[in-house]
Amino acid sequence: MAFGRRGEVLLAFAVALCLSATKLEAYELHMGYYGKTCPQAEFIVLDEVKKAVAGDAGLAADLVRMHFHDCFVRGCDGSILIDSTPNNMAEKDAPPNNPSLEGFEIIDNAKKRLEAECKGMVSCADIVAFAARDAVVLTGGLFYEVPAGRRDGRVSIANEALTNLPPPSFDLNQLTQSFAQKGLSQDEMIILSGAHTIGQSHCSSFSSRLYNFNSAFSQDPSLDPAYAAQLKQECPNTSSGANQEVPMDPKSPSTFDTSYYSNLLVNRGLFTSDQTLMSTPATAAKVWQNAADWLGFQKKFGQAMRKMGKIGVLTGSEGEIRCNCRVVNGFN
Ligand code: HEM
Ligand SMILES: *[C@@H]1O[C@H](CO)[C@@H](O)[C@H](O)[C@H]1NC(C)=O
(Lines give C-alpha, C1' and ligand atoms only; values in the text may rest on other atoms or scores of the structure.)
(Ligands and ions follow the chains in the order given, each with its own letter.)
Protein backbone atom coordinates (compact mmCIF):
# COMPACT_ATOMS: atom_id res chain seq x y z
CA MET A 1 0.00 0.00 0.00
CA ALA A 2 1.50 3.26 -1.09
CA PHE A 3 0.25 5.90 1.25
CA GLY A 4 2.39 9.02 1.30
CA ARG A 5 2.66 11.11 4.43
CA ARG A 6 -0.31 13.10 3.21
CA GLY A 7 -2.29 9.91 2.68
CA GLU A 8 -1.61 8.85 6.24
CA VAL A 9 -2.83 12.13 7.61
CA LEU A 10 -5.98 11.92 5.51
CA LEU A 11 -6.55 8.34 6.62
CA ALA A 12 -6.12 9.23 10.28
CA PHE A 13 -8.56 12.06 9.77
CA ALA A 14 -11.09 9.74 8.12
CA VAL A 15 -10.74 7.21 10.95
CA ALA A 16 -11.30 9.95 13.51
CA LEU A 17 -14.44 11.02 11.65
CA CYS A 18 -15.74 7.43 11.60
CA LEU A 19 -15.11 7.07 15.30
CA SER A 20 -16.99 10.21 16.14
CA ALA A 21 -19.80 9.07 13.85
CA THR A 22 -20.06 5.71 15.61
CA LYS A 23 -19.92 7.43 18.93
CA LEU A 24 -22.98 9.47 18.03
CA GLU A 25 -24.80 6.31 17.00
CA ALA A 26 -23.52 4.13 19.81
CA TYR A 27 -26.77 4.33 21.67
CA GLU A 28 -28.99 3.33 18.79
CA LEU A 29 -29.74 -0.21 17.77
CA HIS A 30 -27.75 -1.20 14.73
CA MET A 31 -27.11 -3.97 12.26
CA GLY A 32 -24.14 -6.20 12.86
CA TYR A 33 -24.08 -5.30 16.55
CA TYR A 34 -22.72 -8.74 17.44
CA GLY A 35 -20.38 -8.92 14.44
CA LYS A 36 -17.29 -8.86 16.64
CA THR A 37 -18.54 -10.05 20.02
CA CYS A 38 -20.74 -12.94 18.93
CA PRO A 39 -20.85 -13.39 15.16
CA GLN A 40 -22.87 -16.62 15.45
CA ALA A 41 -25.60 -15.02 17.56
CA GLU A 42 -28.32 -14.89 14.91
CA PHE A 43 -27.45 -18.37 13.57
CA ILE A 44 -27.76 -19.89 17.03
CA VAL A 45 -31.13 -18.25 17.64
CA LEU A 46 -32.39 -19.35 14.22
CA ASP A 47 -31.22 -22.88 14.87
CA GLU A 48 -33.11 -23.08 18.16
CA VAL A 49 -36.26 -21.56 16.66
CA LYS A 50 -36.07 -24.03 13.76
CA LYS A 51 -35.80 -27.00 16.10
CA ALA A 52 -38.71 -25.80 18.21
CA VAL A 53 -40.99 -25.00 15.27
CA ALA A 54 -40.17 -28.32 13.61
CA GLY A 55 -41.43 -30.04 16.77
CA ASP A 56 -44.48 -27.78 17.19
CA ALA A 57 -45.44 -25.35 14.42
CA GLY A 58 -47.63 -23.42 16.85
CA LEU A 59 -44.61 -22.12 18.72
CA ALA A 60 -43.78 -19.74 15.86
CA ALA A 61 -46.87 -17.70 16.74
CA ASP A 62 -45.86 -17.56 20.39
CA LEU A 63 -42.48 -16.08 19.47
CA VAL A 64 -43.99 -13.35 17.31
CA ARG A 65 -46.46 -12.50 20.06
CA MET A 66 -43.72 -12.63 22.71
CA HIS A 67 -41.82 -9.79 21.03
CA PHE A 68 -44.99 -7.67 20.86
CA HIS A 69 -45.79 -8.32 24.51
CA ASP A 70 -42.21 -7.56 25.49
CA CYS A 71 -42.06 -4.27 23.58
CA PHE A 72 -45.42 -2.88 24.71
CA VAL A 73 -44.56 -3.27 28.38
CA ARG A 74 -41.50 -1.28 29.53
CA GLY A 75 -40.06 -1.37 26.03
CA CYS A 76 -38.26 -4.28 24.33
CA ASP A 77 -36.15 -5.11 27.38
CA GLY A 78 -36.78 -8.82 27.88
CA SER A 79 -39.11 -8.07 30.81
CA ILE A 80 -41.58 -10.62 29.42
CA LEU A 81 -39.04 -13.39 30.19
CA ILE A 82 -38.55 -12.71 33.91
CA ASP A 83 -40.09 -15.29 36.23
CA SER A 84 -42.33 -14.30 39.12
CA THR A 85 -40.81 -14.48 42.60
CA PRO A 86 -42.49 -14.82 45.99
CA ASN A 87 -42.41 -11.03 46.24
CA ASN A 88 -43.31 -10.10 42.68
CA MET A 89 -45.80 -11.28 40.10
CA ALA A 90 -44.10 -10.76 36.74
CA GLU A 91 -45.56 -9.83 33.33
CA LYS A 92 -45.56 -13.40 32.09
CA ASP A 93 -48.07 -14.36 34.79
CA ALA A 94 -50.56 -11.60 33.95
CA PRO A 95 -53.78 -12.73 32.21
CA PRO A 96 -52.79 -11.57 28.70
CA ASN A 97 -49.75 -13.89 28.92
CA ASN A 98 -50.68 -16.72 31.26
CA PRO A 99 -51.57 -19.36 30.17
CA SER A 100 -51.62 -18.39 26.49
CA LEU A 101 -48.01 -17.28 25.92
CA GLU A 102 -45.55 -20.16 25.59
CA GLY A 103 -42.12 -20.76 24.09
CA PHE A 104 -39.94 -19.40 26.89
CA GLU A 105 -37.82 -22.58 26.75
CA ILE A 106 -36.80 -21.68 23.20
CA ILE A 107 -35.29 -18.44 24.46
CA ASP A 108 -33.64 -20.33 27.36
CA ASN A 109 -32.08 -22.84 24.98
CA ALA A 110 -30.72 -20.14 22.70
CA LYS A 111 -29.40 -18.20 25.69
CA LYS A 112 -27.59 -21.27 27.08
CA ARG A 113 -25.78 -21.79 23.78
CA LEU A 114 -24.99 -18.09 23.48
CA GLU A 115 -23.56 -17.98 26.98
CA ALA A 116 -21.38 -20.98 26.13
CA GLU A 117 -20.17 -19.33 22.90
CA CYS A 118 -19.90 -15.69 23.93
CA LYS A 119 -20.47 -15.24 27.61
CA GLY A 120 -22.30 -12.12 28.73
CA MET A 121 -22.62 -10.63 25.26
CA VAL A 122 -26.09 -11.26 23.84
CA SER A 123 -29.11 -9.76 25.58
CA CYS A 124 -32.31 -11.67 26.16
CA ALA A 125 -34.25 -8.80 24.57
CA ASP A 126 -32.27 -9.20 21.33
CA ILE A 127 -32.84 -12.96 21.36
CA VAL A 128 -36.60 -12.34 21.49
CA ALA A 129 -36.38 -9.84 18.60
CA PHE A 130 -34.35 -12.26 16.44
CA ALA A 131 -36.59 -15.20 17.32
CA ALA A 132 -39.75 -13.29 16.33
CA ARG A 133 -38.23 -12.53 12.92
CA ASP A 134 -37.13 -16.15 12.48
CA ALA A 135 -40.63 -17.33 13.36
CA VAL A 136 -42.08 -15.07 10.65
CA VAL A 137 -39.63 -16.46 8.10
CA LEU A 138 -40.15 -20.11 9.10
CA THR A 139 -43.91 -19.74 8.63
CA GLY A 140 -43.49 -18.32 5.13
CA GLY A 141 -43.11 -14.59 5.77
CA LEU A 142 -40.44 -12.36 4.25
CA PHE A 143 -37.07 -11.99 5.95
CA TYR A 144 -36.33 -8.61 7.53
CA GLU A 145 -33.19 -7.35 9.22
CA VAL A 146 -33.24 -6.86 12.98
CA PRO A 147 -30.92 -4.20 14.35
CA ALA A 148 -29.57 -5.14 17.77
CA GLY A 149 -28.02 -3.72 20.90
CA ARG A 150 -30.99 -3.90 23.27
CA ARG A 151 -30.06 -4.38 26.91
CA ASP A 152 -32.13 -6.26 29.46
CA GLY A 153 -34.30 -4.59 32.06
CA ARG A 154 -34.43 -5.52 35.71
CA VAL A 155 -38.14 -4.99 36.35
CA SER A 156 -41.24 -6.97 35.36
CA ILE A 157 -44.63 -6.19 36.88
CA ALA A 158 -47.74 -8.19 36.05
CA ASN A 159 -50.10 -5.25 36.30
CA GLU A 160 -48.16 -3.34 33.64
CA ALA A 161 -48.98 -6.07 31.12
CA LEU A 162 -52.67 -5.53 31.88
CA THR A 163 -52.50 -1.78 31.46
CA ASN A 164 -50.25 -1.67 28.36
CA LEU A 165 -51.46 -4.55 26.20
CA PRO A 166 -54.62 -3.87 24.21
CA PRO A 167 -57.42 -6.37 24.94
CA PRO A 168 -59.32 -8.12 22.11
CA SER A 169 -62.43 -6.10 22.95
CA PHE A 170 -60.85 -2.82 21.80
CA ASP A 171 -62.42 -0.84 18.97
CA LEU A 172 -60.56 1.08 16.29
CA ASN A 173 -60.12 4.28 18.31
CA GLN A 174 -58.87 2.43 21.35
CA LEU A 175 -56.41 0.39 19.29
CA THR A 176 -55.18 3.47 17.48
CA GLN A 177 -54.62 5.21 20.81
CA SER A 178 -52.92 2.21 22.37
CA PHE A 179 -50.44 1.99 19.50
CA ALA A 180 -49.98 5.77 19.39
CA GLN A 181 -48.90 5.65 23.02
CA LYS A 182 -46.05 3.42 21.84
CA GLY A 183 -45.16 5.69 18.93
CA LEU A 184 -46.84 3.53 16.29
CA SER A 185 -49.24 4.86 13.67
CA GLN A 186 -52.69 3.52 12.84
CA ASP A 187 -51.28 2.12 9.61
CA GLU A 188 -48.57 0.28 11.58
CA MET A 189 -51.26 -1.03 13.93
CA ILE A 190 -53.17 -2.43 10.95
CA ILE A 191 -50.00 -4.00 9.56
CA LEU A 192 -48.89 -5.52 12.87
CA SER A 193 -52.37 -6.95 13.44
CA GLY A 194 -51.60 -9.06 10.36
CA ALA A 195 -49.59 -11.27 12.74
CA HIS A 196 -52.98 -12.80 13.57
CA THR A 197 -52.58 -14.75 10.34
CA ILE A 198 -50.83 -17.40 12.45
CA GLY A 199 -51.56 -18.99 15.78
CA GLN A 200 -54.41 -19.94 18.03
CA SER A 201 -56.73 -18.21 20.44
CA HIS A 202 -58.53 -19.41 23.50
CA CYS A 203 -62.29 -19.22 23.13
CA SER A 204 -62.46 -16.92 26.16
CA SER A 205 -60.78 -14.16 24.12
CA PHE A 206 -63.82 -13.79 21.83
CA SER A 207 -66.70 -15.83 23.32
CA SER A 208 -68.62 -12.71 24.30
CA ARG A 209 -69.05 -12.14 20.55
CA LEU A 210 -70.85 -15.48 20.38
CA TYR A 211 -72.89 -15.58 23.57
CA ASN A 212 -73.30 -12.23 25.31
CA PHE A 213 -72.43 -9.42 22.97
CA ASN A 214 -74.70 -6.65 24.26
CA SER A 215 -78.25 -5.98 25.42
CA ALA A 216 -79.60 -5.96 21.86
CA PHE A 217 -77.67 -8.90 20.39
CA SER A 218 -76.37 -12.04 22.06
CA GLN A 219 -74.21 -12.59 18.94
CA ASP A 220 -72.05 -9.88 17.37
CA PRO A 221 -73.85 -8.86 14.15
CA SER A 222 -70.50 -7.92 12.57
CA LEU A 223 -69.44 -11.60 12.72
CA ASP A 224 -70.28 -13.78 9.72
CA PRO A 225 -73.17 -16.02 10.93
CA ALA A 226 -71.76 -19.20 9.37
CA TYR A 227 -68.39 -18.59 11.02
CA ALA A 228 -70.16 -17.81 14.31
CA ALA A 229 -72.03 -21.12 14.12
CA GLN A 230 -68.76 -22.96 13.54
CA LEU A 231 -67.07 -21.14 16.43
CA LYS A 232 -69.99 -22.01 18.73
CA GLN A 233 -69.38 -25.68 17.97
CA GLU A 234 -65.73 -25.31 18.88
CA CYS A 235 -66.42 -23.06 21.85
CA PRO A 236 -69.41 -24.25 23.88
CA ASN A 237 -70.76 -21.66 26.34
CA THR A 238 -69.23 -23.41 29.37
CA SER A 239 -66.10 -22.94 31.43
CA SER A 240 -64.39 -25.86 29.72
CA GLY A 241 -65.49 -24.42 26.37
CA ALA A 242 -63.82 -21.13 27.25
CA ASN A 243 -60.50 -22.96 27.53
CA GLN A 244 -60.66 -24.53 24.07
CA GLU A 245 -58.38 -23.12 21.38
CA VAL A 246 -59.19 -22.32 17.77
CA PRO A 247 -56.99 -21.19 14.89
CA MET A 248 -56.97 -17.43 14.34
CA ASP A 249 -56.88 -17.95 10.57
CA PRO A 250 -58.62 -21.27 9.85
CA LYS A 251 -57.70 -21.05 6.14
CA SER A 252 -53.96 -21.29 6.77
CA PRO A 253 -53.27 -21.38 10.53
CA SER A 254 -49.51 -21.66 10.34
CA THR A 255 -48.69 -19.71 7.20
CA PHE A 256 -47.60 -16.09 7.44
CA ASP A 257 -49.73 -14.88 4.54
CA THR A 258 -52.34 -12.17 3.93
CA SER A 259 -55.40 -14.26 4.69
CA TYR A 260 -55.88 -12.43 7.99
CA TYR A 261 -57.00 -9.51 5.82
CA SER A 262 -59.10 -11.55 3.40
CA ASN A 263 -60.90 -13.02 6.41
CA LEU A 264 -61.75 -9.49 7.59
CA LEU A 265 -63.23 -8.71 4.16
CA VAL A 266 -65.81 -11.47 4.70
CA ASN A 267 -66.50 -10.64 8.39
CA ARG A 268 -64.36 -13.47 9.66
CA GLY A 269 -62.10 -11.58 12.00
CA LEU A 270 -61.92 -13.49 15.27
CA PHE A 271 -61.72 -10.59 17.73
CA THR A 272 -63.57 -7.32 17.94
CA SER A 273 -60.08 -5.78 17.65
CA ASP A 274 -59.65 -7.55 14.30
CA GLN A 275 -63.03 -6.90 12.69
CA THR A 276 -63.00 -3.26 13.82
CA LEU A 277 -60.33 -2.57 11.19
CA MET A 278 -63.21 -2.72 8.69
CA SER A 279 -65.25 -0.11 10.54
CA THR A 280 -64.13 3.00 8.66
CA PRO A 281 -63.64 3.46 4.91
CA ALA A 282 -60.01 4.53 5.38
CA THR A 283 -58.96 1.52 7.46
CA ALA A 284 -61.05 -0.86 5.34
CA ALA A 285 -59.13 0.41 2.31
CA LYS A 286 -55.88 -0.62 4.03
CA VAL A 287 -57.33 -4.05 4.71
CA TRP A 288 -58.26 -4.44 1.04
CA GLN A 289 -54.78 -3.32 0.03
CA ASN A 290 -53.02 -5.77 2.36
CA ALA A 291 -55.30 -8.63 1.34
CA ALA A 292 -54.37 -8.08 -2.30
CA ASP A 293 -50.64 -7.40 -2.01
CA TRP A 294 -48.56 -10.17 -0.46
CA LEU A 295 -45.19 -8.53 -1.06
CA GLY A 296 -46.35 -5.07 -0.02
CA PHE A 297 -47.75 -6.45 3.21
CA GLN A 298 -44.64 -8.47 3.99
CA LYS A 299 -42.33 -5.49 3.44
CA LYS A 300 -44.46 -3.24 5.60
CA PHE A 301 -44.69 -5.91 8.26
CA GLY A 302 -40.91 -6.15 8.51
CA GLN A 303 -40.61 -2.36 8.73
CA ALA A 304 -43.31 -2.13 11.38
CA MET A 305 -41.69 -4.94 13.40
CA ARG A 306 -38.38 -3.07 13.28
CA LYS A 307 -40.11 0.04 14.56
CA MET A 308 -41.93 -1.89 17.27
CA GLY A 309 -38.58 -3.46 18.15
CA LYS A 310 -37.20 -0.03 19.08
CA ILE A 311 -39.89 0.91 21.59
CA GLY A 312 -38.33 2.03 24.86
CA VAL A 313 -35.11 0.10 24.36
CA LEU A 314 -32.29 0.21 26.90
CA THR A 315 -28.90 0.75 25.24
CA GLY A 316 -25.30 1.59 26.05
CA SER A 317 -24.74 1.17 29.75
CA GLU A 318 -28.45 1.04 30.66
CA GLY A 319 -29.83 -2.21 32.03
CA GLU A 320 -27.68 -5.32 31.85
CA ILE A 321 -27.00 -8.49 29.88
CA ARG A 322 -28.90 -11.04 31.90
CA CYS A 323 -27.08 -14.37 32.44
CA ASN A 324 -30.35 -16.23 32.74
CA CYS A 325 -33.26 -14.71 30.86
CA ARG A 326 -35.67 -15.64 33.66
CA VAL A 327 -33.79 -13.93 36.49
CA VAL A 328 -32.27 -10.46 36.91
CA ASN A 329 -28.53 -10.61 37.57
CA GLY A 330 -27.49 -10.98 41.18
CA PHE A 331 -30.62 -12.91 42.18
CA ASN A 332 -29.67 -16.40 40.99
C1 HEM B 1 -53.88 -4.95 17.78
C2 HEM B 1 -54.04 -5.34 19.03
C3 HEM B 1 -53.93 -6.77 19.42
C4 HEM B 1 -54.78 -7.44 20.23
C5 HEM B 1 -56.03 -6.86 20.89
C6 HEM B 1 -54.32 -8.79 20.33
C7 HEM B 1 -54.92 -9.79 21.08
C8 HEM B 1 -54.61 -11.12 21.00
C9 HEM B 1 -55.31 -12.17 21.71
C10 HEM B 1 -56.47 -11.98 22.65
C11 HEM B 1 -54.77 -13.35 21.32
C12 HEM B 1 -55.21 -14.75 21.72
C13 HEM B 1 -54.67 -15.16 23.05
C14 HEM B 1 -55.36 -16.42 23.51
O15 HEM B 1 -56.53 -16.32 23.90
O16 HEM B 1 -54.76 -17.51 23.46
C17 HEM B 1 -53.71 -13.04 20.39
C18 HEM B 1 -52.91 -13.97 19.78
C19 HEM B 1 -51.84 -13.65 18.99
N20 HEM B 1 -51.35 -12.40 18.74
FE21 HEM B 1 -52.28 -10.67 19.12
N22 HEM B 1 -53.19 -8.92 19.58
C23 HEM B 1 -52.89 -7.71 19.02
C24 HEM B 1 -51.80 -7.40 18.25
C25 HEM B 1 -50.79 -8.29 17.95
C26 HEM B 1 -49.52 -7.93 17.42
C27 HEM B 1 -49.06 -6.51 17.13
C28 HEM B 1 -48.84 -9.09 17.24
C29 HEM B 1 -47.45 -9.30 16.73
C30 HEM B 1 -46.83 -8.48 15.91
C31 HEM B 1 -49.70 -10.17 17.65
C32 HEM B 1 -49.41 -11.50 17.56
C33 HEM B 1 -50.25 -12.52 17.97
C34 HEM B 1 -50.03 -13.92 17.64
C35 HEM B 1 -48.94 -14.47 16.74
C36 HEM B 1 -51.03 -14.63 18.30
C37 HEM B 1 -51.21 -16.15 18.33
C38 HEM B 1 -50.53 -16.69 19.57
C39 HEM B 1 -50.48 -18.20 19.70
O40 HEM B 1 -50.86 -18.94 18.81
O41 HEM B 1 -50.00 -18.65 20.74
N42 HEM B 1 -50.86 -9.64 18.11
N43 HEM B 1 -53.63 -11.67 20.24
C1 LIG C 1 -73.86 -18.30 28.19
O2 LIG C 1 -73.54 -18.54 29.53
C3 LIG C 1 -73.81 -17.43 30.38
C4 LIG C 1 -73.27 -17.75 31.76
O5 LIG C 1 -73.34 -19.12 32.05
C6 LIG C 1 -75.30 -17.15 30.38
O7 LIG C 1 -75.59 -16.04 31.21
C8 LIG C 1 -75.75 -16.85 28.95
O9 LIG C 1 -77.14 -16.69 28.90
C10 LIG C 1 -75.33 -17.97 28.00
N11 LIG C 1 -75.61 -17.51 26.65
C12 LIG C 1 -76.13 -18.27 25.72
C13 LIG C 1 -76.45 -17.60 24.42
O14 LIG C 1 -76.36 -19.46 25.87
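At what distance from an oxygen atom of ligand 1 does a polar side-chain atom of Ser 205 lie?

Guide: In this predicted model, a polar side-chain atom of Ser 205 lies 2.6 Å from an oxygen atom of ligand 1, which makes it a polar contact (a pair of N or O atoms within 3.5 Å). A backbone N or O atom of Gln 200 is placed 2.7 Å from an oxygen atom of the ligand, and for a polar side-chain atom of Ser 201 the corresponding distance is 3.4 Å.

The iron atom of ligand 1 has His 196 as its only protein donor, through NE2 at 2.0 Å; donors are N, O and S atoms within 2.8 Å of the metal (3.2 Å for Na, K and Ca), and with water not among the atoms, a site may look incomplete. His 196 belongs to the loop that runs between helix H8 (186-193) and strand S1 (200-202), helices being DSSP runs (H or I) of at least four residues and strands (E) of at least two.

Around ligand 1 stand 25 residues, each with a heavy atom within 4 Å; His 196, Gly 199, Gln 200, His 202 and Ser 205 are the closest. Helix H3 (59-71), helix H7 (172-180), H8 and S1 each contribute at least two residues to this shell, and H3 gives the largest share, with 5 residues.

Mean pLDDT, the predictor's confidence per residue from 0 to 100, is 93 for the protein, and 92% of residues reach 70 or more. Over residues 6-25, however, pLDDT stays under 50.

Residues are numbered from 1 along each chain as written, with chains lettered from A and ligands numbered from 1 in written order. Local features need pLDDT of at least 70 and side-chain atom pairs 80 or more, while totals for chains, interfaces and linings use all residues; side-chain values use heavy atoms, without hydrogens or water.

Notes
Contact means heavy atoms within 4.5 Å. A polar contact is a pair of N or O atoms within 3.5 Å; within protein, one must be able to donate a hydrogen and the other to accept it, and residues adjacent in sequence count only if both atoms are side-chain atoms.
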